Amino acid sequence: MTEIFYDADADLSIIQGKKVAIVGYGSQGHAHAQNLRDSGVEVVIALKDGSKSTQKAQDEGFEVKNVADATAWADLIMILAPDQHQRGIYADSIQPNLTAGKTLAFAHGFNVRFGYIDAPKDVDVILIAPKAPGHTVRREFVAGRGIPDIIAVENDASGNAWATALSYAKAIGGTRAGVIKTTFTEETETDLFGEQAVLCGGMSHLVQAGFETLTEAGYQPQIAYFEVLHELKLIVDLMWEGGIAKQRWSISDTAEFGDYVSGPRVVDANVKAHMKDILTDIQTGAFAKRFIEDQDAGAPEFLALRAKEQEHPIEATGKELRALFAWTKTDDDYTEGNAAR
């Protein structure tokens with residue numbers, strides 16, 4: 001049975017009594033750090049020497065230490081560096097300074113689930129994962145709301161790891177919305193599957209295929225862009241608000257009927273079979289191995305795939321259209337050339 005926790009279930013004083021080091025000051029790092037500080041927690045930012053994020057963190061009022069010094073100082077170390085860099089940071093700067101009684105925390109279980117980080121048995125290992133980008137985590141907290149979190153415990157050396165995870169979640173605003181109990185394995189495998197099969201891989205390639213189908217049939221690329229990409233946000237917002245049922249209730253009868261009769265022709269049994277293959281690659285560690293080995297080699301496959309996808313005709317069409325319409329003048333999320341996270 002799903003367990004969900006709210007503000008009354010969490011003791012904020014637990015995390016307020018700990019010194020917290022946030023490793024990384026990117027999308028999630030800045031949000032966690034600022035929300036924790038606003039909740040009365042002592043926070044230091046842990047960055048490698050010479051990091052370009054140092055000045056930003058200092059400008060926003062944080063003390064910055066190198067990772068080794070921050071780990072030695074802190075009671076709880078939250079690792080928010082990219083997955084492919086966590087193993088090296090941990091081995092070089094965290095593990096040598098990770099003494100008994102400390103807490104090692106993550107917002108994604110990738111490195112623990114696939115064995116790239118193996119913490120000592122006398123250290124608590126916990127996970128607190130807000131289900132939104134960092135800027136949204138921060139914005140909702142400032143507005144007095146919160147983003148749902150999921151929490152997990154891989155190792156409970158102290159006997160208080162769950163309470164610490166809940167306290168941390170409360171400090172960043174998660175318990176305002178609701179916090180779901182999970183495991184490192186469940187969080188990692190479902191997160192990777194969702195990204196690859198639906199949210200990122202599935203969605204982007206579905207959009208590209210739709211665009212190609214329309215333009216190859218002679219329709220204007222600008223019209224195709226609006227029909228298969230631009231309007232996607234409107235549909236997703238409806239689904240986010242009230243599930244698939246609200247989306248179907250909100251659209252025209254023509255669109256709803258087309259959903260029922262044509263959707264299964266696109267997402268058929270073969271698609272689900274491929275999804276199962278994707279899930280198997282995740283569960284067995286095959287995807288993690290491929291990703292990490294590629295990153296260790298300098299990311300040749302990753303960079304080649306990125307370059308190839310950036311050359312898809314829908315990108316040129318979209319860039320042209322977004323430059324012409326007023327919505328791009330006010331939406332901070334349209335950040336040309338910036339990385340996704």
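Which strand holds Ile 4? Ile 4 lies in strand S1, residues 4-5. The model is predicted, so local features need pLDDT of at least 70 and side-chain atom pairs count only at pLDDT 80 or more, while totals for chains, interfaces and linings use all residues. Residues are numbered from 1 along each chain as its sequence is written, and side-chain values use heavy atoms, with hydrogens and water left out. Helices (H or I, at least four residues) and strands (E, at least two) are DSSP runs numbered from the N terminus.

**Sheet**

- Nine strands make up an open sheet with mixed pairing, in the order S1-S9-S8-S7-S6-S5-S2-S3-S4; two strands pair if DSSP finds at least two bridges between them.
- S1 and strand S4 (63-65) stand at the edges with a single partner strand each, so one side of each has no neighbour in the sheet.
- Strand S3 (residues 42-46) pairs with S4 in the parallel sense over three bridges, and Ala 46 stands opposite Lys 65 in S4.
- S2 and S5 are also joined in the parallel sense, over four bridges, with Val 23 opposite Ile 79 in S5.
- S5 runs parallel to strand S6 (residues 103-106), and four bridges join them; here Leu 76 stands opposite Thr 103 in S6.

**Cover of the sheet**

- S5 is covered on both faces: Leu 76 and Met 78 on one side, and Ile 77 and Ile 79 on the other, are all buried. Buried means under 20% relative accessible area, exposed means over 50%, and partly exposed lies in between (1.4 Å probe, protein chains only).
- In a regular strand the side chains alternate between the two faces of the sheet.
- Helix H8 (residues 161-171) lies across S1, strand S2 (19-23), strand S5 (76-79), strand S7 (124-130), strand S8 (149-155) and strand S9 (179-181), and runs at about 155° to S8. Axes are lines fitted to C-alpha atoms, for helices over the stretch in contact (heavy atoms within 4.5 Å); angles run from 0 to 180 degrees between N-to-C directions.

**Salt bridges**

- The whole structure holds 12 salt bridges, each defined as a side-chain nitrogen of Lys or Arg within 4 Å of a carboxyl oxygen of Asp or Glu.
- Asp 38 and Arg 138 form one of them, with the closest N and O atoms 2.8 Å apart. This pair links distant parts of the chain: Asp 38 is in helix H2 (residues 27-38) and Arg 138 in helix H7 (residues 134-142), 100 residues apart.
- Asp 38 is partly exposed at 46% relative accessibility, whereas Arg 138 is buried at 17%.
- Glu 140 forms a salt bridge with Arg 145, at 2.8 Å between the closest N and O atoms. Glu 140 is buried at 14% relative accessibility, and Arg 145 is partly exposed at 45%.
- Glu 63 and Lys 65 meet through their side chains in a salt bridge of 3.3 Å, N to O. Glu 63 is partly exposed at 45% relative accessibility, and Lys 65 is partly exposed at 22%.

**Surface**

- Ile 4, Tyr 6 and Ile 180 form a nonpolar surface patch with about 250 Å² of accessible area together. Patches are made of residues with over 30% relative accessible area and no salt bridge; like charges are joined within 9 Å, and nonpolar side chains (Val, Leu, Ile, Met, Phe, Trp, Tyr) within 5 Å.
- Ile 4 itself is partly exposed, with a relative accessible area of 41%; accessible areas come from the Shrake-Rupley method.
- Lys 48 sits in the loop between S3 and helix H3 (54-59) and is exposed, at 65% relative accessibility.
- The C-alpha atoms of Lys 48 and Val 23 are separated by 9.0 Å, the two residues being 25 residues apart along the chain.

Terms used: Areas by Shrake-Rupley, 256 points an atom, 1.4 Å probe, with all protein chains shown as cover.
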